[in-house]
Amino acid sequence: CRSDMFFGLRWVIRIALGLLTVLVLYIGITFAQVWWAARQNDSSPASAIVVMGAAQWNGLPSPVLKDRLDHTAELYQKGVAPVVIVAGGKQAGDKVTQGLVSFEYLRSKGIPEGAIKIDVGGTDSYEELSSTAFIMRKAGLPDDVVIVTDPYHSFRAAGIADEVGLTAHVSPTKGRSTFNDYVRETGAVALGRIIDYRRLAAWR
């Protein structure tokens with residue numbers, strides 16, 4: 001009887017170790033994908049450039065948002081896309097939306113008002129890209145976009161875009177991404193690919 005229990009325990013340990021090995025490999029591969037995507041820059045011609053939202057400070061873009069907007073202005077001037085979609089709603093305590101701040105900033109950089117479309121409802125990456133897909137369908141635009149965001153966010157942004165029906169290229173800023181950024185993003189991607197990004201956004 002004891003030998004049977006010992007034999008059963010050995011199998012439980014083997015299964016547990018096997019599952020742990022699979023989990024470690026999955027996390028490791030996901031980290032590598034996030035890291036690699038952060039180092040790619042695809043500014044292929046598209047229907048629209050999408051600027052992911054970031055903090056604004058009393059009507060002015062934060063340094064992170066400013067980097068994204070400056071990069072977007074450069075892409076627009078190079079003719080990457082004829083339309084820019086700025087995303088981002090209000091966070092707690094905000095008086096104006098990130099989208100409106102981005103709109104005003106890009107106008108000051110010489111981008112025509114008629115070339116900018118605004119999403120002011122999104123408060124996370126999934127909502128922003130889901131709203132972007134809706135805006136593009138409503139405007140009759142093809143679904144290919146160039147997403148501008150920070151390097152560490154590139155892989156997840158492309159994954160969310162695919163989930164909401166967009167064909168995405170990602171052209172990240174030259175902003176610095178920390179190791180903690182990559183760890184946090186690896187966790188979000190690892191879980192989001194299992195349960196889907198829409199459910200992940202609802203949980204966070």
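Here are some friendly notes on this predicted model, point by point.

1. Ground rules first. Residue numbers start from 1 along each chain as its sequence is written, and side-chain values use heavy atoms, with hydrogens and water left out. Since this is a predicted model, local features need pLDDT of at least 70 and side-chain atom pairs count only at pLDDT 80 or more, while totals for chains, interfaces and linings use all residues.

2. Buried here means under 20% relative accessible area, exposed means over 50%, and partly exposed lies in between (1.4 Å probe, protein chains only).

3. Leu-129 in detail. Not counting residues up to four places away in sequence, Leu-129 touches Val-50, Met-52, Ile-147, Ala-157, Ile-160, Ala-161, Val-164 and Leu-166, a contact being heavy atoms within 4.5 Å.

4. A charge worth a look. Glu-128 also belongs to helix H4. This residue is buried yet has no salt bridge, and the nearest side chain of opposite charge, Arg-68, is 6.0 Å away. For that test Lys and Arg count as positive and Asp and Glu as negative, with His and the chain ends not counted. Beyond four places in sequence, Glu-128 is in contact with Met-52, Gly-53, Ala-87, Gly-88, Gln-98, Asp-119 and Gly-122.

5. Helix H3. Within H3 (residues 98-108), the buried residues are Gln-98, Gly-99, Val-101, Ser-102, Phe-103, Tyr-105 and Leu-106. They pack against S2, S3, helix H2 (63-77), S4, strand S5 (116-118) and H4. Gly-110 follows H3 and has a positive phi near 95°.

6. Salt bridges. With a salt bridge taken as a Lys or Arg side-chain nitrogen within 4 Å of an Asp or Glu carboxyl oxygen, the count is 8. Arg-107 pairs with Glu-104 at 2.9 Å between the closest N and O atoms, both sitting in H3, 3 residues apart. Arg-107 also meets Glu-113 in a salt bridge, at 2.9 Å from N to O. In helix H6, Asp-181 and Arg-184 are likewise 3 residues apart, about one turn, and their closest N and O atoms are 2.8 Å apart. Asp-181 counts as buried because its relative accessibility is 12%, whereas Arg-184, at 42%, counts as partly exposed. Shared partners also join Lys-66, Asp-70 and Lys-109 into one network.

7. Backbone check. Most residues other than glycine have a negative phi. Asn-58 has a positive phi of about 50° and lies in the loop between strand S2 (56-57) and strand S3 (60-61); at 79% relative accessibility, this residue counts as exposed. Asp-196 has a positive phi too, near 85°, and lies in the loop between helix H6 (179-195) and helix H7 (197-203).

Conventions: Helix = DSSP H or I, 4+ residues; strand = E, 2+ residues; numbered from the N terminus.
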